[in-house]
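Have the sequence and the model at hand as you read.

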Amino acid sequence: MFVLSILLEIVIRMPYNRIRQHTNVATDRVSATEKALLGVMTLGIFFLPVIYIFTDWLRFADYRLPFWLGIVGIVLVGLGLWLFWRSHMDLGRNWSPSLQVMEGHTLVAEGVYRTIRHPMYASQMLMGLAQILLLQNWIAGPTGLLLFLPLYLIRVPREEQMMSEQFGADYRAYMARTGRILPRLVRG
Ligand code: SAH
């Protein structure tokens with residue numbers, strides 16, 4: 001299931017990578033720290049899971065969870081993949097893997113972006129939680145989520161700053177009616 005979900009993520013992203021190659025970047029805020037954190041995250045969400053699944057090198061650190069938690073993990077993978085796919089569809093040509101504003105960038109506030117500002121990052125968190133439940137190993141399990149969190153915490157304020165410089169009052173109004181990864185309960 002986990003390997004399948006990694007493959008599906010790659011397939012979902014493929015057309016957007018292609019569109020991106022034909023779109024010019026207007027503003028670039030990619031920092032060296034962010035590039036390093038992206039590399040570290042790839043270790044947690046890709047390389048360690050692959051080593052765990054295809055070798056027995058990490059067996060010494062296995063843990064065992066009840067069967068039903070595995071089922072919960074599969075449900076989370078399904079939800080995470082759905083959100084990953086929908087957020088790519090909704091962002092369309094505005095997507096980029098890092099902090100960039102593209103030429104002709106528009107503010108997306110509909111679809112899965114209607115209630116939350118960071119559905120794609122939320123989908124990574126769902127996949128990270130699923131990884132803990134499905135890859136029952138102290139090294140390969142929690143590292144996906146643990147290594148994603150620093151990137152999330154550093155990137156989100158910078159991304160929101162960039163978007164608010166680009167879209168001004170529109171983005172600030174959008175921020176006021178949405179939550180970062182969970183919908184706002186009280187509409188202000
Ligand atoms: N943080 C969002 C998007 C991730 S992709 C999410 O988690 O779903 C990162 C790029 O998306 C950023 O470089 C930014 O330019 C763009 N972006 C983020 N929010 C956007 C929005 N509401 N409308 C248009 N582009 C957005």
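Starting at the N terminus, the elements of the chain follow the order α-β-α-α-β-α-α. That gives five helices and two strands, where helices (H or I, at least four residues) and strands (E, at least two) are DSSP runs numbered from the N terminus. Before going further, please note that this is a predicted model, in which local features need pLDDT of at least 70 and side-chain atom pairs count only at pLDDT 80 or more, while totals for chains, interfaces and linings use all residues. Residues are numbered from 1 along each chain as its sequence is written, and side-chain values use heavy atoms, with hydrogens and water left out.

Now for the overall form. The C-alpha trace spans about 55 × 40 × 25 Å along its principal axes. Of contacts (heavy atoms within 4.5 Å) between residues at least 6 apart in sequence, 81% join residues at least 24 apart.

What lies inside? Buried residues make up 45% of the 188 in the chain, with buried meaning under 20% relative accessible area, exposed over 50%, and partly exposed in between (1.4 Å probe, protein chains only). The largest nonpolar core has 27 residues, and Leu91, Tyr113 and Met120 touch the most other members. Such a core is a set of buried Ala, Val, Leu, Ile, Met, Phe, Trp, Tyr and Cys residues joined through side-chain atoms within 4.5 Å. Helices α1 (2-21), α3 (67-91), α4 (119-134) and α5 (143-177) each give two or more residues to this core, and α3 has the largest share, with seven. Apart from this core lies another one, of nine residues, including Leu37, Met125, Leu145 and Leu151.

Leaving aside neighbours within four places in sequence, Tyr113 is in contact with Ser87, Asp90, Leu91, Val108, Pro119, Met120, Tyr174 and Thr178. Two of these partners, Leu91 and Met120, are named with Tyr113 among the core residues that touch the most other members.

Finally, let's visit the surface. Asp170 lies in helix α5 and is exposed, with a relative accessible area of 55%. The C-alpha atoms of Asp170 and Leu107 are separated by 8.4 Å, although the two residues are 63 apart along the chain.
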